[in-house]
Amino acid sequence: MTTSTPSPLDPPQRILLGPGPSDVPPRILQAMAAPTIGHLDPEYLRVMDDMRELLRQVFRTSNELTVAMPGTGSSGMETCFANLVEPGDEVIVCVNGVFGTRMTDVAGRCGATVHKVEAPWGETIDPGAVARALAEHPKTKVVGIVHAETSPGAHQPLEEISTRVHDVGALLLVDAVTSLGGVELEVDGWRIDACYSGTQKCLSCPPGLAPVSYSPAAFDVLKNRKAKVQSWYLDLSMIAAYWGESRVYHHTAPINMSYALYEALRIVVEEGLEARQARHLLNHQALRAGLEALG
């Protein structure tokens, strides 16, 4: 057998104009190159504590259970469903694009009976349709929805849908992978019970972590489960102990990726959420106007 010498790593400099990954500022790349330390090192624990506070500011929440899960945005989706849903639970998922479809798959793999509320790609979900589905399925435990569907670019009316969900005592689960840090998102103000995101979109960070926030009501559901969470790696009851005061070891954290998210969140807070959202809106309007001018 012959072997060849691998080529040296030399990624080209690209301008990333897709929905993600997005361009990463040099400041974040420099943070990733900082020395790797242990996942229980006092300095790393300080970074974790500060990162939780930064995440709360960006999510607009006071939720105690606000952490960064290892993995990309899809691990956030799995985390939220796996911890809330038990076999036999009824779940409504709003579908108007790829990631709503993925939600139905993930919820089904957790053993849920899934009911879909659908809208054509490019259109938003009708809150009235959600209310009708809740009336038809009164035992619904969780309603899942993608805040800003990547594929069609549809931006959901979350406040009105949240009201319909909480009127019947269900939990609202929101995918904010595309929206966190780029458009208005009020986890507490809109009564979102479980929210997850990714690092590689509006946070301008490399992919690799999934910010997650659980409301007290969602955390109570987790603590009162009849069965263990099906995923050991994504079990928030154990991960909360690692991020909390007890610091019980659960997994080896992705140290340098945490540095990157920490620095990315610092940049968001320095710019200000409102200013950042206004910048994203202005760029969106300019792109749309240019495309319309081209026909």
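I take helices (H or I, at least four residues) and strands (E, at least two) as DSSP runs, numbered from the N terminus. I number residues from 1 along each chain as its sequence is written. The model is predicted, so local features need pLDDT of at least 70, side-chain atom pairs count only at pLDDT 80 or more, and totals for chains, interfaces and linings use all residues, while side-chain values use heavy atoms, with hydrogens and water left out.

**Entry: backbone**

I started with Ser204, which sits in the loop between S6 and strand S7 (209–214). Its phi is near 55 degrees, a positive value in a residue other than glycine. Is Ser204 buried or exposed? I use buried for under 20% relative accessible area, exposed for over 50% and partly exposed for in between, with a 1.4 Å probe and protein chains only. Ser204 has 19% relative accessibility and therefore counts as buried.

Next I looked up Arg191, in the loop between strand S5 (171–175) and strand S6 (194–196). Arg191 is not a glycine either, yet it has a positive phi of about 55 degrees. With a relative accessible area of 44%, Arg191 is partly exposed.

I also checked the peptide bond from Gly20 to Pro21, and it is cis, with omega near 5 degrees. Pro21 belongs to the segment before H1. I noted these spots because most residues other than glycine have a negative phi, and most peptide bonds are trans.

**Entry: salt bridges**

Side chains of opposite charge can pair when their charged atoms come close. I call it a salt bridge when a side-chain nitrogen of Lys or Arg is within 4 Å of a carboxyl oxygen of Asp or Glu. How many salt bridges does the structure hold? I found 20.

I opened Glu270 and Arg27, whose closest N and O atoms are 2.8 Å apart in a salt bridge. This pair links distant parts of the chain, with Glu270 in helix H9 (residues 255–271) and Arg27 in helix H1 (residues 26–32), 243 residues apart. Glu270 counts as partly exposed because its relative accessibility is 49%. Arg27 is at 30% relative accessibility, so it counts as partly exposed. Both residues belong to a network of salt bridges that links Arg27, Glu263, Arg266 and Glu270.

I then turned to Glu274 and Arg60, a salt bridge with its closest N and O atoms 2.4 Å apart. Here, too, distant parts of the chain are linked: Glu274 is in helix H10 (residues 273–293) and Arg60 in the loop between helix H2 (42–59) and strand S1 (65–70), 214 residues apart. Glu274 is partly exposed, at a relative accessible area of 49%. Arg60 is partly exposed as well, at 30%.

**Entry: helix crossing**

I fitted axes as lines to C-alpha atoms, for helices over the stretch in contact, with angles from 0 to 180 degrees between N-to-C directions. The axes of H3 and helix H4 (residues 98–109) come within 10 Å and cross at roughly 45 degrees. That makes H3 oblique to H4, since angles under 35 degrees count as roughly parallel, over 145 as roughly antiparallel, 65 to 115 as roughly perpendicular and the rest as oblique.

I found Leu185 in the loop between S5 and S6. Leu185 has 3% relative accessibility and so counts as buried. Its C-alpha atom is separated by 21 Å from that of Gly18, 167 residues apart along the chain.

Leu294 lies in the segment after H10, and it counts as exposed because its relative accessibility is 75%. From C-alpha to C-alpha, Leu294 and Gly208 are 36 Å apart in space and 86 residues apart in sequence.
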